Amino acid sequence: MPLLEIKNLQIDFGRGLNALRAVDGVSLALEPGKTLCVVGESGSGKSVTALSIARLLATPPAVYAGGEILLENRDVLRMPSAELRQIRGGLVSYVFQEAGASLNPVFRIGNQIREALQLHRPEAATNAEIIRLLKLVGIPAPESRMRCYPHELSGGMQQRVMIAMALAPQPKLLVADEPTTALDVTIQAQIIELLVRLRQQLGMAILLITHNLGIVGDIADEVAVMYAGQIVETAPARALLRRPLHPYTQALINSVPRLESTAGRLATIAGAVPRLGAFPAGCRFHPRCPIARPECSQSPPPLVEIEPGRRVRCPFWNQPAASPSTLEPLNP
């Protein structure tokens, strides 16, 4: 049984004639102990989908317009407030981007971790447990670091503290929303390596939100590609990186810089993700698509399973793109 199963999720902002659909029919599943990466450009609906798992979106303006979010076969959208408080942190924890903006600047990091423990594991709210958590995420000299304020730590250390806080309640699902944003590439690699190690050590599942396909091969078991509020492709990570099917996935992979490349200019995707309320008719990617045909603007394509474990939202997925390319995992 999946730990997390999202079925035909629909999320609007606003009501009635002013409603703007940000998430349109998203379906995902995540098994215990596995990692699912949701990738796409900014504005694709990734973070809105992630926040909805524990119903963290403010309502209003957000409206859960349809679908189901099942955590251990319990529908989050129908949970009372008391049950929601139990799963937030207890069953599913979050690591947000830009940890410096999420940590409270006027409290020492040890006290902030202690608060997470007091809410979900009050018997473990001790200095010894705080030190153990800081050691777990690779923070040196945790006995002294727990007395630091957030501004006294580097960006990478702040993100490790956020991960320690998320792990304090011992969740079964860790949602990491762009956890490497604003970090240099060396620290990004360290954070991804840390998440991989923690998943193996603790046996938890990870839902990783990112726009960077370059890190997917190192951590993901499955990948879901989002564009304009919809899933456009899902596949096992290695299969998707070696043979992307949807033109948008191909374009994302082509735009990842490569060390061996001698080209003067990086590949880009023309245009931008359409804003809410201005989605084009038919396929939402067709104005930017290198293989678009006249019929692409007529009717929206369904998400079709073309082989076991692979779904794609494009009837012309087997037509070559202008410059097809693949991205091998960094650790094949």
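What volume does the second largest cavity have? I read about 40 Å³ for the second largest cavity.

**Ground rules.** I am working with a predicted model, where local features need pLDDT of at least 70, side-chain atom pairs count only at pLDDT 80 or more, and totals for chains, interfaces and linings use all residues. Residues are numbered from 1 along each chain as its sequence is written, and side-chain values use heavy atoms, with hydrogens and water left out.

**Terms for spaces.** On a 1 Å grid over the protein atoms alone, a cavity is a set of points where a 1.4 Å probe fits but cannot get out. A pocket is an open set with protein on both sides within 12 Å along at least five of seven lines. Lining residues have an atom within 4 Å of a point. Points are joined across faces, edges and corners, and a volume is the space filled by probe spheres set on them.

**Cavities.** I found three cavities of 30 Å³ or more.

The largest cavity holds about 80 Å³. It has 14 lining residues, and Pro247, Cys283, Cys289, Cys296 and Cys314 lie nearest its centre. I noted 11 nonpolar, two polar and one charged in this lining.

**Second largest pocket.** This pocket holds about 590 Å³. Of its 22 lining residues, Gly89, Tyr94, Ala116, Leu119 and Met165 lie nearest the centre. Which element gives the largest share of the lining? It is α4, with six residues. Helices (H or I, at least four residues) and strands (E, at least two) are DSSP runs, numbered from the N terminus. α2 (81-90), β6 (92-95), α4 (109-120) and α7 (155-167) each supply at least two residues.

**α4 against α7.** Next I checked how these two helices pack. Their axes, lines fitted to C-alpha atoms over the stretch in contact, come within 8 Å and cross at roughly 25 degrees. Angles run from 0 to 180 degrees between N-to-C directions. α4 and α7 are therefore roughly parallel (under 35 degrees). In contact (heavy atoms within 4.5 Å), Ile109, Gln112, Ile113 and Ala116 of α4 meet Val161, Ala164 and Met165 of α7. Those residues divide into six nonpolar, one polar and no charged.

Conventions. Parallel < 35°, antiparallel > 145°, perpendicular 65-115°, else oblique. Nonpolar A, V, L, I, M, F, W, Y, C, P; charged D, E, K, R; others polar.
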